[in-house]
Amino acid sequence: MIKPENQISIPTQLPSGPRLSIPLRFRDRRRVTILLTLAVLGYITLMTLPTMIPSHFKLTEALMSFAENIKIMFLQPRLVNTTFISLLGVLGQSILLAFLTTLIGSVLAFFFALASTRRLAPTSLVLGIQSFMAVIRAIPTVLWVLIYSVVFGLGANAAVVGITFHSVAYLTKVYADSMDELSPEIIETMQAMGLKKSAIIRQAIIPNLIPSYLSWTFIRFEINFADAIAVGAAAGAGGIGYQLFMSSSFYFNFHEVGVMVYMILAFALVLEIISYRLRAVKHQ
Amino acid sequence: MNSNVEEMNDFFTKKRFKLTLLIVILGAAYIGASMGLGFQSHSLLNIQDGIAWLIQNFIPNEASKGYWHEIVQQLLRTFLVAVAATSCAAVISLFLAVIGAKTLTPAITISWVIRGFSSLLRNIPIVAWAMILLFSFKQNDLTGFLALFFMTLGFLTRAFMETIEDFGTEKIQALQATGATYLQVIFQGLLPEIAVALMSWILYMIENNVRDATLVGLLTGTGVGFIFNLYFKSLRYGAAGLVVLSVIILVVTVELISNLIGRLLS
Amino acid sequence: MLTVNHLAKSYDGEKKSLTDVSFSVHPGEVTVIIGPSGAGKTTILRSINQLIRDDDGEILFDDTDMRQLNRSQLRRARCRIGMIFQNYNLIEPLTAIENVLHGCLGTKSNLAGIFSLYSNREKETALKLLEKVGLKDFAYQQCRNLSGGQKQRVGIARALMQHPKIILCDEPIASLDPKSTITVMDILRDLAINDGISVLINLHQVDIAREYADHVIGINNGQVVFDDRTQALSDAAITGIYQKGAVPERSLVHEF
Ligand SMILES: Nc1ncnc2c1ncn2[C@@H]1O[C@H](COP(=O)(O)OP(=O)(O)OP(=O)(O)O)[C@@H](O)[C@H]1O
Ligand SMILES: [Mg+2]
């Protein structure tokens, strides 16, 4: 199955033709699966929704206050406890954190992916590494950072190592999947010419991997930026996330939160433009 | 040596030069970023300390068994909230995507408005969502639900919109040519065709939200994130380890189920 | 040069894809294997350089049995066996000249493979080979921008870069238009005549086989049913190679 992420950034052509000619029983199996899944999801949702609202909860009041805060945030952004320059500094820190963890993660993950692609590695190693990575991926980034902040002390070291953990696990999987997409015939051809493994990796796998390597790494950078903010807030690891947390839960100043959200949105806009450009380049 | 070989030497030299330059730039950027953050590279070599510490302290002991009940309960809540947030967001996203997709939209302005709106929702950090919601809705599941809901809404609207646009204009026009109404085109022509793609997006978002729910819980003081923080801050590491273990089990299970459904759909 | 004796292969341990195949290939000759789809042509070709491990028999290449070699010996033996594929199997993002140079990496060190280090002599040879297949002006084109016929010619140049004693071609012209077909087949015949290389080709086009082959081997249902000079390939012989009759009645009953 194509992972959904694949579609958003790497528009792969969906097989549109053959879908209509699938034998009836396959279409039935699909329909039953979809209907059943929807039924289960719907049931869970309907059962959960009423239990989420506490007994004497004033919903209208909460909604009013929420709307008010949104208004303050977006229409009256203003700084009180800090300056714009210092905010730019902490935003820069979050960006650096995202960059550094993506860089380290992509290098390490590349080697793990080589050891866990079906094209090169034995099945046992593939399964071993992939399950190990699945377990690491299952632990949320914040928990990794919290754990490492006990070992290394709170600070950049814990933040970098914690976010890198998750990045490596994620990138290993997507890189290995991209390598698996390379046709086995290409590898066989190189083997038939008597090439050594190192030469096959360098001359056949890497040139073919570059486009998807770049787009996946970029996607991970976007995720790491979001993670850097979250980690700053939830683990006190600094950056604009920490400021955001302080302004909203310590000073209760939503004017300030507004400024920071605008800054983050501006950077996200830049990323979105870059990813749009990358996609346009790839389509040529 | 003839000129042809020289030309080729130039070609390889240029390639090598570009690669070297790239490596030098990335290396410099690495050093610069490390200094800017105060990150010490040797801590990468001490990664095993964290794992060792994890194994030593997080091995659930006798005392932590007493926490099982609470953990399972909170884990279940977290899971339910994540599923509910995804499902609700999916319904609204589908509606927004149908009227926003370029191939179906009644007016191109609407399409751009929805695009911008979804981009906004998606890019506001989940921390900001959690904190504003916490202020108004206080410490309860509804806060976490809404934070996940808004982010998922932004994400799925864009994903659904792209899926519908990938479906192509010609097929929709072909359906319209048969005299089908707008709603018939959508419900009988479009939706059955893209149902599989939509489903895989929803499953992926559920997976992701189960993980993010932990983060949101940590910030808003609910669910499994909250109890992890509680145990962790009060140095009850055995119990915290049990929380981590249960999160692993939940996320891996969700991933396995979603893979299974994916296989049934293919 | 190359002699195959009593080769047998079964993919699933039950159904025999090859039963007792024997033939030999001589230097400076074009040998063509023909036979219906599923007869086992690809299996034979890929057994020769051990891309698939066969179950039984003997493959004598320069008097050594390919089946008895260990991994590194096999790798070294493969360096002298060129192979050409229906799908070209080039590294598409790289340029034509880089693909050709891959042909000589088998005999070079790890370092050379990783850093693309080639001697001036090798670079010169690679260019000459591209010239020989008529692609000198395309040396620095990315292979993904070449046409099918051009790609196949790059594939041939790459195989020649190995200084092969034998070239194995699995349906080299199946994806080509008539004009490219003639170009490619002419090049292959030229290699046999002028360079003394043995050329072994799997083909579906009998007319092409008649025109270019010195020697024809007919395969049906995993068995050699024809093995003679091209002149002996009468219409009746062709019908014999392609008819289902070559399959024993008994197994037909089993199939249905
Ligand atoms: N990887 C494989 N696994 C199992 N069976 C296989 C495999 N490859 C080939 N076979 C079987 O071996 C037999 C011979 O196949 P082979 O590919 O050698 O035929 P071929 O003569 O090359 O056919 P074609 O002209 O269609 O290429 C066939 O019956 C095929 O089903
Ligand atoms: Mg074949």
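The largest cavity in this predicted model has a volume of about 90 Å³. The count comes to one cavity of 30 Å³ or more. For the complex, the predictor gives an ipTM of 0.89 and a pTM of 0.89. The points below cover the cavity, the annotated spans, the strands of chain C and the confidence by chain.

**Cavity in chain B**

- The lining of the largest cavity includes Thr78(B), Val81(B), Asp141(B), Gly144(B), Phe145(B) and Leu148(B).
- Ala213(B), Val216(B), Gly217(B), Thr220(B), Thr222(B) and Gly223(B) are also among the residues that line the largest cavity.
- Three helices of chain B, namely H3 (68-100), H6 (141-167) and H8 (182-220), each contribute at least two residues to this lining.
- Sorted by class, the lining holds five nonpolar residues, six polar residues and one charged residue.
- Rolling a probe the size of a water molecule over the atoms shows where empty space is left.

**Annotated spans in chains A and B**

- For chain B, an unreviewed UniProt entry places "domain: ABC transmembrane type-1" at residues 75-258.
- Residues 75-258 of chain B are 88% helix and 0% strand, with 18 Å between the end C-alpha atoms.
- For chain A, an unreviewed UniProt entry gives the annotation "transmembrane region" to residues 32-53, 84-113, 145-171, 225-245 and 257-278.
- Residues 84-113 of chain A are 100% helix and 0% strand, and their end C-alpha atoms are 42 Å apart.
- Residues 145-171 of chain A are 85% helix and 0% strand, and their end C-alpha atoms lie 18 Å apart.

**Strands of chain C**

- An open sheet in chain C is built from four strands in the order S2-S1-S4-S5, with antiparallel pairing.
- Strands S2 (18-25) and S5 (64-65) of chain C are at the edges with a single partner strand each, so one side of each is left without a neighbour in the sheet.
- Two bridges link strand S4 (residues 56-61) of chain C to S5(C) in the antiparallel sense.
- Opposite Phe61(C) stands Thr64(C), which belongs to S5(C).
- Strand S9 (residues 215-220) and strand S10 (residues 223-229) of chain C run antiparallel and are joined by six bridges.
- Gly218(C) has Phe226(C) in S10(C) as its bridge partner.
- Two residues separate S9(C) from S10(C) in a hairpin, and Asn221(C) in the turn has a positive phi of about 55°.
- Strands of a sheet pair through backbone hydrogen bonds, either parallel or antiparallel.

**Confidence in chains A and C**

- Chain A has an average pLDDT of 86, and 89% of its residues score at least 70.
- Among the elements of chain A, the lowest mean pLDDT, 40, belongs to helix H1 (residues 4-9), and the highest, 96, to helix H4 (residues 84-115).
- Residues 1-22 of chain A stay under 50 in pLDDT, and the model has 40 contacts beyond four places in sequence for them.
- Chain C has a mean pLDDT of 91, and 95% of its residues reach 70 or more.
- In chain C, the mean is lowest in helix H10 (residues 249-255), at 37, and highest in helix H3 (residues 96-102), at 97.
- Residues 247-256 of chain C stay under 50 in pLDDT, with five contacts beyond four places in sequence.
- Where pLDDT is low, the predicted coordinates should not be read in detail.

Definitions and conventions: Residues numbered from 1 in each chain as written. Chains lettered and ligands numbered in written order. Predicted model: local features only at pLDDT ≥ 70, side-chain atom pairs only at ≥ 80, totals over all residues. Heavy atoms only, no water. pLDDT = per-residue confidence, 0-100. Contact = heavy atoms within 4.5 Å. UniProt positions renumbered as here; feature names shortened; annotations may be inferred. 1 Å grid on protein atoms, 1.4 Å probe; cavity = no way out; pocket = protein on both sides within 12 Å on 5 of 7 lines; lining within 4 Å. Points joined across faces, edges and corners; volume = space filled by probe spheres on them. Nonpolar A, V, L, I, M, F, W, Y, C, P; charged D, E, K, R; others polar. Pairing = 2+ DSSP bridges.
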